[in-house]
Amino acid sequence: MAVTTFSLKFLAALGVDTAKLEGNIDKIGMEVEKTEGDDVYIDITPNRPDLLDSVGFARAMRYLDGKETPKSNFYALKNKPDLTVIASESVKKVRPVIEAMVVKNANLHGKLKYIINFMEKLSETYGRKRKKIAMGMHNLDAIEPPLHYDAKYEGSFVPLGSEKEMSFKQILEEHEKGMAYANTVKAGMYPVLSDSKGSIMSLIPIINSQLTKVKEDTKNLFIDITGTSEPAVRNALNILACMFIDLGFEVYPCIIEREGKELVTPQLSYREVRLRPSLVKRAIGADIDQAKIITLLNKMGFDGAIYGRYVLAYVPPYRIDVLNQQDLIEDIAIAYGYNNIIPMPVAGTSVGIPDEQNEFSDRLSNLLIGMGFSEAVNNYLTNEEINFKRMKKPIDSERVVKLAYSKVEIYSMLRTSIMPGLLQNLSISAHEPLPQRLFETGLVFGVENGKPFEKRMLAFVSEDSRAEFSDIRSYVEALLGTLGIEHKLEAHDDPSFIKGRCAAIVSNGTAIGIFGEIAPDVLESFGISAPVIGCEIEFMPLFERCCAESGRSNAK
């Protein structure tokens, strides 16, 4: 969720009934965070980046209120390309994608700050802090086409908001924006946009030049969007172009010359999705005819038409979240009103009963809560650093379930133990007062004889300045004693625990768990300063032995 600030006066000027605002926001599944004076703070869901903009948000509210009816091809461009951008081969390895447009006869009075805020918000959220996409807005009248998009080793210009010329290196090391976004560029290869005279317009995606600064009296604009993902760049340009068209500005496409080919951007084409009314009825539970479906689509910004037994929905270019008819059905349900959907009993021939393992898990949770522990719920995904290296254990690659195409370093495998996650929790909450006691019941994963497996585990930890082996032993004995589990304790060595202060839990001749004092080098690797004691036990042996004990008691 992205909390976005909107001006109530500006929304009202754009045709929004602010008296209905909170109710309408609730209808579309979003939430008003707070209202302060003229500002309203709204949580915008990640799937609707078009609503991060005041103009796009106002458009959606007008459609929902029925004040405006969408028209297919309203955003289709009729103007011919106005400018050419030549992308060199040098940017291919650093930031390969650029798309652009020209905006003419713009009236920016009272609107410029909202446009800039939207572009910043879109770059930070949808653009992943400018790594995936970044936007630039320039005074068209200050530049000389054609423009060139290159990667350079060095250069200098006067950055926006400054009076002195700075080198690329100086901007990254000294300028506020340079320091904030230095991680988005590769050292030594800087993506740069310049005009035909060689004047630098922007060090991408860091900061624009003072030369092309946009003011409220600027009439003509050049907009560039660069990034690493072509679909993301295209989607962002479409959203931005539709905003300018809604403001009554004239949008002209640009020609992008890249790798010997010419691309005209933006396209602003509508997508046609065929919708079956029977699917709508099945999903919502209401018998809605084709005409009513079109009315509901209109409320969500889609034009529609009857096509035989189907309804055709025309998806505008800014609705990048719509992939298929399932997305349209969700919007139809929103327009219909979830409160208007009549609940129906689920048909079935069986009666649900609680799962025995889940009931036993709840029992364990209640016991540990009674001992002063709080429950944690951690991700199954982790990495070798946390799961093995910090725990001072060797990495056994053949016994680990790895992610084939991990996009981020922090998630590269499925966890083999719950304990590292709990220590990570203690590390994050280091500012909280001691003692801190956490537990978790959940799955761990591995590979045995070439086949993956999963098993349920219980782990608990306690961080306290006076924590010692006798404390964790008392917790273990209390837990197993209450459950009636027969067991014995045996000395055990484990690299995660202090030597001589670690024990194995043995039941029916099988080791089912381990506990002790966490080793100081393990704690240091997690950034934990106070002593920690911990235990990890297999869930199923506890469950099976407890059920067996319960069965014997019932038999007596």
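One cut-off before we start: a residue is called buried when its relative accessible area is under 20%. Keep in mind that this is a predicted model.

Start with R130. Is R130 buried or exposed? Its relative accessible area is 7%, so R130 is buried. You will find R130 in the loop between α4 (112-124) and β6 (133-139). Its side chain reaches the backbone oxygen of P205, at 2.9 Å. Leaving aside neighbours within four places in sequence, R130 has contacts that include E120, E124, K177 and Y181. R95 and I206 are also among them.

Next, Q436. This residue sits in strand β22, residues 436-448. Its relative accessibility is 10%, so Q436 counts as buried too. Which side chain makes a polar contact of 2.7 Å with the side chain of Q436? That is S429.

Now the nonpolar cores. In soluble globular proteins, nonpolar side chains tend to be buried together. Here the largest nonpolar core has 86 residues. Which of them touch the most other members? F57, L221, L240 and F244 do. Helix α7, residues 230-246, gives this core its largest share, eleven residues.

Three strands make an open sheet, in the order β16-β18-β17, with antiparallel pairing. Why is one side of β16 and of β17 left without a neighbour in the sheet? β16 (271-275) and β17 (303-307) stand at the edges, and each has a single partner strand, so one side of each has no neighbour there. From one strand to the next, the twist averages 25 degrees.

Look at the β17 pairing. Five bridges join β17 to β18, residues 310-315, and the two run antiparallel. Y307 stands opposite Y310 in β18. Then find helix α10, residues 325-336. α10 lies across β16 and β18, and runs at about 75 degrees to β16.

That's my tour. Over to you.

Key:
Residues are numbered from 1 along each chain as its sequence is written. This is a predicted model: local features need pLDDT of at least 70, side-chain atom pairs count only at pLDDT 80 or more; totals for chains, interfaces and linings use all residues. Side-chain values use heavy atoms; hydrogens and water are left out. Helices (H or I, at least four residues) and strands (E, at least two) are DSSP runs, numbered from the N terminus. Buried means under 20% relative accessible area, exposed over 50%, partly exposed in between (1.4 Å probe, protein chains only). A polar contact is a pair of N or O atoms within 3.5 Å; within protein, one must be able to donate a hydrogen and the other to accept it, and residues adjacent in sequence count only if both atoms are side-chain atoms. A nonpolar core is a set of buried Ala, Val, Leu, Ile, Met, Phe, Trp, Tyr and Cys residues joined through side-chain atoms within 4.5 Å. Two strands pair if DSSP finds at least two bridges between them. Axes are lines fitted to C-alpha atoms, for helices over the stretch in contact, and angles run from 0 to 180 degrees between N-to-C directions. Contact means heavy atoms within 4.5 Å.
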